[in-house]
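Please read it alongside the sequence and the model.

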Amino acid sequence: QGANVAFGALKHDSSLPVEIAADQLQINQETGKAVFSGNVEVGQGEMRLAAARVEVEYEGGESSTGKVQRLHATGGVTLVSGAEAAEAREAVYTIGSSEIVMTGDVLLTQGQNALSGQKLVVDLDKGTGVMEGRVRTIFRSDSGN
Amino acid sequence: MSVYDNSYSRFVSLAKIVLPLAALALLSTLFLVARTVDPSRSIPFADVDVNELAREQRISAPNYSGVTRDGAAISIKASSARPDPANRSRVSATDLRGHLETPDGGTYELSSLSGEIDTKAGLAVLDGGVIITTPTGYQVTSDQITTALEQTDIESPGPVKAVGPAGTLDAGSMKLTPSDDGNYLLVFNNGVKLVYTPPSE
């Protein structure tokens with residue numbers, strides 16, 4: 001069972017350039033794998049993703065000159081897009097399908113209410129998110145104070 | 001001059017007068033019209049300071065090559081090199097091109113305008129705009145690079161700019177060192193900013 005949630009109301013364009021800033025970048029000269037570490041911030045259009053460590057994975061496995069297929073962020077990830085923010089232990093952002101899968105006690109806050117679960121799949125293009133696994137939600141009903 | 005009845009004889013007699021005159025005129029151009037040779041003007045020669053050349057030894061197209069401890073073949077070529085008078089094992093060279101081939105087959109090309117190679121210290125400092133191309137297709141430009149000669153260790157203390165498959169990036173400093181499991185790690189430090197534009201398919 002999963003809770004559908006609107007995520008980042010505005011239309012996200014996955015062909016925008018991806019900017020990554022970090023303290024350190026290691027590129028393995030044999031496999032071509034690039035690993036950013038040290039408060040990494042990934043930005044694309046409206047979406048901002050902060051993590052301790054981000055690995056860049058290429059299409060076609062180890063080929064280093066292929067397109068970048070996925071960013072694999074680990075070590076505590078915070079994703080902000082529009083008014084929503086989501087936190088989790090790990091996140092995988094597939095650039096081609098502009099889909100972010102966050103796993104590991106995910107907490108999603110939208111304005112007043114919060115939603116927590118084990119896995120959140122965000123589709124940036126359609127601006128929707130599906131939260132799965134022991135979803136708990138807290139609605140603050142402002143009781144007219 | 002006798003008179004002949006046919007034109008051919010007349011032509012021949014006329015030729016007997018005209019041709020010698022033409023020959024005489026031709027001969028005179030050899031002496032009268034020729035440029036005067038001025039013995040006092042010396043032969044033109046390059047005005048390089050000859051004794052400077054003699055005092056300072058200079059190697060042209062030097063080539064340093066060796067194998068580093070971890071088995072990478074390194075060779076540095078330059079257009080000209082001058083030994084440092086103070087320190088015998090230091091050589092300052094211009095227009096260097098370095099070539100590093102690691103055991104796993106990756107080749108690194110370095111090129112720079114000027115540089116110093118110190119074989120005793122086992123270090124080559126390349127400056128004046130250095131360009132490095134790595135086997136994974138990254139082209140790194142920096143203004144100063146130090147390359148160790150004994151082991152594979154290319155380092156740029158200053159800021160670098162790199163263009164490669166993961167996008168264009170600039171970083172505070174860069175270091176290429178062999179990692180423990182045998183292959184080589186290109187590490188960019190203190191502040192990395194990368195921009196990757198996904199190719200629109």
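## Chain B: burial and fold

Of the 201 residues of chain B, 34% count as buried in this predicted model. Contacts between residues 24 or more positions apart make up 34% of the chain B contacts that have a separation of 6 or more.

Chain B has 2 helices and 12 strands. Read from the N terminus, the order of its elements is α-α-β-β-β-β-β-β-β-β-β-β-β-β.

## Strand pairing around S11(B)

Strand S9 of chain B, residues 154-156, pairs with S11(B) in the antiparallel sense over 3 bridges. Within this pairing, Ser156(B) is opposite Met174(B). Strand S10 of chain B, residues 160-164, is also antiparallel to S11(B), with 5 bridges. Here Val163(B) has Thr168(B) of S11(B) as its bridge partner.

S11(B) and S12(B) run antiparallel and are joined by 10 bridges. One of the residue pairs is Leu176(B) with Leu186(B), the latter in S12(B). The two strands, S11(B) and S12(B), form a hairpin with 5 residues between them. In the turn, Gly182(B) has a positive phi of about 95 degrees.

## The interface with chain A

How much area do chain B and chain A bury between them? The value is about 2,200 Å², with 58% of it on carbon and sulfur atoms. In chain B, the elements that give two or more residues to the side touching chain A are strand S11 (167-178) and strand S12 (184-196). The largest share of that side, 13 residues, comes from S12(B). By residue class, the side of chain B that touches chain A divides into 18 nonpolar, 7 polar and 3 charged residues.

The contact involves 28 residues from chain B and 26 residues from chain A. Across it there are 8 residue pairs in polar contact, both members at pLDDT 80 or more, while the count of salt bridges between chain B and chain A is 0. Strand pairing also crosses from one chain to the other: strand S3 of chain A, residues 24-28, runs antiparallel to S12(B) and is joined to S12(B) by 4 bridges. In this pairing Gln26(A) has Val187(B) as its bridge partner.

## Salt bridges in chain B

Side chains of opposite charge can pair when their charged atoms come close. Over all chains the structure holds 7 salt bridges. One of them joins Lys175(B) and Glu155(B), at 3.6 Å from N to O. This pair links distant parts of the chain, with Lys175(B) in strand S11 of chain B and Glu155(B) in strand S9 of chain B, 20 residues apart. Lys175(B) is partly exposed, with a relative accessible area of 27%, and Glu155(B) is partly exposed at 30%.

A salt bridge is also formed by Asp95(B) and Arg97(B), whose closest N and O atoms are 3.3 Å apart. Asp95(B) has a relative accessible area of 35% and is partly exposed; Arg97(B), at 38%, is partly exposed.

## Salt bridges in chain A

In chain A, Glu57(A) forms a salt bridge with Arg70(A), with 2.5 Å between the closest N and O atoms. Glu57(A) lies in strand S5 (residues 47-58) of chain A and Arg70(A) in strand S6 (residues 68-74) of chain A, so the pair ties together parts that are 13 residues apart in sequence.

Is Glu57(A) buried or exposed? Glu57(A) is buried, because its relative accessible area of 19% falls under the 20% cut-off. Arg70(A), at 30% relative accessibility, counts as partly exposed. Elsewhere in chain A, a network of salt bridges links Lys33(A), Arg53(A) and Glu55(A).

Ser75(B) is located in strand S3 of chain B, residues 73-77. Its relative accessibility is 14%, so Ser75(B) counts as buried.

Which residues are in contact with Ser75(B), leaving aside its neighbours within four places in sequence? They are Asn63(B), Tyr64(B), Ser65(B), Arg97(B), Gly98(B) and His99(B). Of these contacts, Arg97(B) is the salt-bridge partner of Asp95(B).

Terms used
Residues are numbered from 1 along each chain as its sequence is written. Chains are lettered from A and ligands numbered from 1 in the order in which they are written. This is a predicted model: local features need pLDDT of at least 70, side-chain atom pairs count only at pLDDT 80 or more; totals for chains, interfaces and linings use all residues. Side-chain values use heavy atoms; hydrogens and water are left out. Buried means under 20% relative accessible area, exposed over 50%, partly exposed in between (1.4 Å probe, protein chains only). Contact means heavy atoms within 4.5 Å. Buried area is the accessible area (1.4 Å probe) that two parts lose on being put together, summed over both. A salt bridge is a side-chain nitrogen of Lys or Arg within 4 Å of a carboxyl oxygen of Asp or Glu. A polar contact is a pair of N or O atoms within 3.5 Å; within protein, one must be able to donate a hydrogen and the other to accept it, and residues adjacent in sequence count only if both atoms are side-chain atoms. Ala, Val, Leu, Ile, Met, Phe, Trp, Tyr, Cys and Pro count as nonpolar, Asp, Glu, Lys and Arg as charged, and the others, Gly among them, as polar. Two strands pair if DSSP finds at least two bridges between them.
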